[in-house]
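Here are a few notes to go with the model you asked me to look over. Have it open while you read.

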Amino acid sequence: MSSVIIIASIIVLLAGLVCYAFITQTISQKRQQKERLLMALKSRVRNFKFMLSGFPPGFLPKDLTLLVQRSVLQSLEQLSKLEPGSKDHTEDIQMITQQLAETQRHPTPSGQPAALDNPQKARDIRACLEELYKFIFHLESKKMLPKPQADIYRSMIRQLVLQLTVDSYTLQGRIARDKGKLRLAIHHFDLALKLMTKERNNGQFDGRIMQIRVSIKDLEDRLLNETSETAETAEDDAEPTPINSEWDKFAQDDESWKKKQIYD
């Protein structure tokens, strides 16, 4: 065999190896890309399901409920294409489609949602609102949601966080009052009062403001009339309020919400 044939054979072999390596790498990259997409979609669906189950009935406005349900449905449809043999996706699609139809049929709830009566529930709801807030920025950045509509949704969420914060202060005030910690109760009620007074619009909180003022006056009278009150410790006065400073984070457009999220 001549040296020319040997060299040509080596070149062909090397070219074949290069092509094989390129094809293998491409297939591996596509597989990894598909796995990342699957993980992101499944994580998104879990988050959305957590939102839908985490909000009390009537807490989330109809428009935001429809946004979450449509997003779940879209993610599930993508998953069903990537995993066509999964019965779970098909069943979830049927369930969400039914929920979406029911939400569309029902009228928009009127009035304020019921006040919360559980501190842990308040923290869970706030976590859901944070995720929804981030997701709206994601939709806007991907041109899937026009800015005017995104601003409307963000305004809705800020109002919900305002309501949630007021509920949290009031709830902690009631808990402190029931424990006989009158000064701590006044502190929490006063925080709720100041926030409602600052943020109220068109008489939004007028009824609750009157109730809180009556509660504070009653507690102050009890403090004056008690001759042998048990001293409250500094630790009691510093008892943490889970959402004490959180309203300020929603009161303005924080750039941190726009950072890369799992939705990307």
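1. **Helix H6, end to end.** H6 covers residues 182-199.

2. **Before you read on.** This is a predicted model, in which local features need pLDDT of at least 70 and side-chain atom pairs count only at pLDDT 80 or more, while totals for chains, interfaces and linings use all residues. Numbering starts from 1 along each chain as its sequence is written, and side-chain values use heavy atoms, with hydrogens and water left out.

3. **The whole chain.** You'll find 9 helices and 0 strands in the protein (DSSP runs, numbered from the N terminus: H or I of at least four residues for helices, E of at least two for strands). Of its 264 residues, 36% are buried, meaning under 20% relative accessible area with a 1.4 Å probe, protein chains only. Accessible surface comes to about 16100 Å², with 55% belonging to carbon and sulfur atoms (Shrake-Rupley method, 1.4 Å probe).

4. **Who is tucked away in H6?** The buried residues of H6 include Leu182, Ala185, Ile186, His188 and Phe189. Leucine 184 counts as buried because its relative accessibility is 1%. Leucine 184 and glycine 173 sit 11 residues apart in sequence, and their C-alpha atoms are 7.1 Å apart in space.

5. **H5 against H7.** Helix H5 (residues 147-178) packs with helix H7 (residues 206-225) at about 25°, their axes 13 Å apart. That angle makes H5 roughly parallel to H7, the label for angles under 35 degrees. Axes here are lines fitted to C-alpha atoms, for helices over the stretch in contact, and angles run from 0 to 180 degrees between N-to-C directions. On the H5 side, Gln163, Val166, Asp167, Thr170 and Arg177 meet Arg208, Ile212, Ser215, Leu219 and Arg222 of H7.

6. **Threonine 103.** Look for threonine 103 in helix H3 (residues 87-105). Its relative accessibility is 14%, so threonine 103 counts as buried. Beyond its neighbours within four places in sequence, threonine 103 is in contact with Lys62, Thr65, Leu66 and Gln69, where contact means heavy atoms within 4.5 Å.

7. **Contacts overall.** Among contacts in the protein with a separation of 6 or more, 77% come from residues 24 or more positions apart.

Technical notes
Buried means under 20% relative accessible area, exposed over 50%, partly exposed in between (1.4 Å probe, protein chains only). Angles under 35 degrees count as roughly parallel, over 145 as roughly antiparallel, 65 to 115 as roughly perpendicular and the rest as oblique.
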